[in-house]
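Please open the model in your viewer and colour it by chain.

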Amino acid sequence: MLKLKRENFPSNKEITPWQLGVEWLSGSGPRHRDFTNGDLMTEMLRQHSHVQTTRDIILSKMALRQSSLEGSNSYKLGGIKGVGLYLKDYSTLLTGGLTGNLAVTYLGSYNLEYTAAAYNKSVVVSFNVENTSTMQSASRPPVLGYLPIWQQTAGKLINEKFKTGWGLKLLNHFTGQKYYI
Amino acid sequence: MKTKLKYLLITLLTIMLYSCGETKPKQSDFIGTWKSSDKASIKLNINGTCTLKGVDHYKISSFPKNKNKELNAEGTWQFTENIESGIVDNIDNGITITYNLPEGTKGEIVFYISGQGINGNNPPWNIFIWEGDPDEMLKYEFIKNK
């Protein structure tokens with residue numbers, strides 16, 4: 001019975017942001033997903049402007065004859081600048097995905113880490129993205145929800161409340177490589 | 001009507017708290033040795049050089065090769081502008097550390113600055129990076145040695 005239920009979960013390759021959202025909210029499906037090159041979620045995330053900007057930063061640094069690099073560039077919806085990003089990311093829900101990036105609407109903030117290495121006149125970039133879906137992050141209002149006091153009070157209470165069952169924490173992990181000439 | 005009034009009060013309170021007296025961080029505040037709870041240390045020198053000792057490499061760069069590895073390196077540091085930590089605290093400075101690894105890799109860490117008080121924007125300062133997803137608000141934090 002349990003086996004049959006597991007087989008019904010969409011694979012990492014094909015799962016959409018909508019399906020991931022339902023999976024997280026309902027508490028069904030795996031609590032940890034590892035996405036890689038070619039998976040729908042990875043390819044959608046790759047189209048995000050923040051990822052494109054990070055790629056440009058890496059390539060410009062590598063153009064200065066650097067043989068290898070490591071660093072990170074987090075995408076954050078908090079802070080003052082986060083308000084505009086927040087509105088842009090969530091506008092997808094009103095336009096059915098025509099604006100913004102649907103994968104990022106689901107993910108919210110994420111930590112993007114990279115390594116880059118020069119190889120035969122090309123650059124190999126490996127990336128690592130970590131994101132967690134929790135009730136605290138989903139229910140956090142813009143500005144107010146990013147004050148330190150929110151995290152210590154309301155945010156903490158919300159996470160305590162959703163330790164089991166629906167809305168339980170879901171970890172999304174993306175890894176992959178890309179070659180640039 | 002009651003709901004509107006409630007939101008208005010919350011907004012006013014937020015603005016009031018946000019604009020409470022604050023001291024901006026300055027470069028000289030960061031010269032010295034910084035320690036984390038896992039006994040790692042970062043020494044920021046007045047001449048712009050720095051030394052990293054026992055820093056959890058996996059927290060800086062979560063690739064499998066860095067698991068259970070310490071980052072011990074020499075490098076340089078800068079007090080940088082336009083750094084957004086993701087917390088509404090009116091601090092837009094950070095510490096950018098560039099370090100060199102033995103195999104010729106150049107690494108970069110951007111540390112955010114946090115402070116004390118209800119808005120976290122008053123000295124003494126701490127420096128931190130987010131551990132994993134910034135929305136989780138888990139910090140890998142360094143406190144200045146007195």
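Select chain B and follow the chain from its N terminus: the elements run α-β-β-β-α-β-β-β-β-β, which amounts to two helices and eight strands. The model is a predicted one. Of the 146 residues in chain B, 31% are buried. Among the contacts of chain B with a separation of 6 or more, 38% link residues 24 or more positions apart.

**A loop position in chain B**

Next, select Thr23(B), which lies in the loop between helix 1 (2-18) and strand 1 (32-36) of chain B. Is Thr23(B) buried or exposed? Thr23(B) counts as exposed because it has 11 C-beta neighbours inside 10 Å, and a residue with 12 or fewer is placed in that class. Display its surroundings as well: leaving aside residues up to four places away in sequence, Thr23(B) touches Asn122(B) and Pro123(B).

**The contact between the chains**

Now display both chains and select the residues at their contact. Chain B contributes 26 residues and chain A contributes 32 residues. On the side of chain B that touches chain A, the elements giving two or more residues are helix 1 and strand 6 (105-116) of chain B. Which element of chain B gives the most to this side? It is strand 6 of chain B, with four residues. Colouring the chain B side by residue class shows eight nonpolar, 11 polar and seven charged residues.

**Chain A as a whole**

The C-alpha trace of chain A spans about 50 × 45 × 30 Å along its principal axes. Chain A has 181 residues, of which 36% count as buried. How much of the contact set of chain A with a separation of 6 or more comes from residues 24 or more positions apart? Such residues account for 69% of those contacts.

Notes:
Residues numbered from 1 in each chain as written. Chains lettered and ligands numbered in written order. Predicted model: local features only at pLDDT ≥ 70, side-chain atom pairs only at ≥ 80, totals over all residues. Buried ≥ 20, exposed ≤ 12 C-beta atoms within 10 Å, placed from the backbone. Contact = placed C-beta atoms within 7 Å. Nonpolar A, V, L, I, M, F, W, Y, C, P; charged D, E, K, R; others polar.
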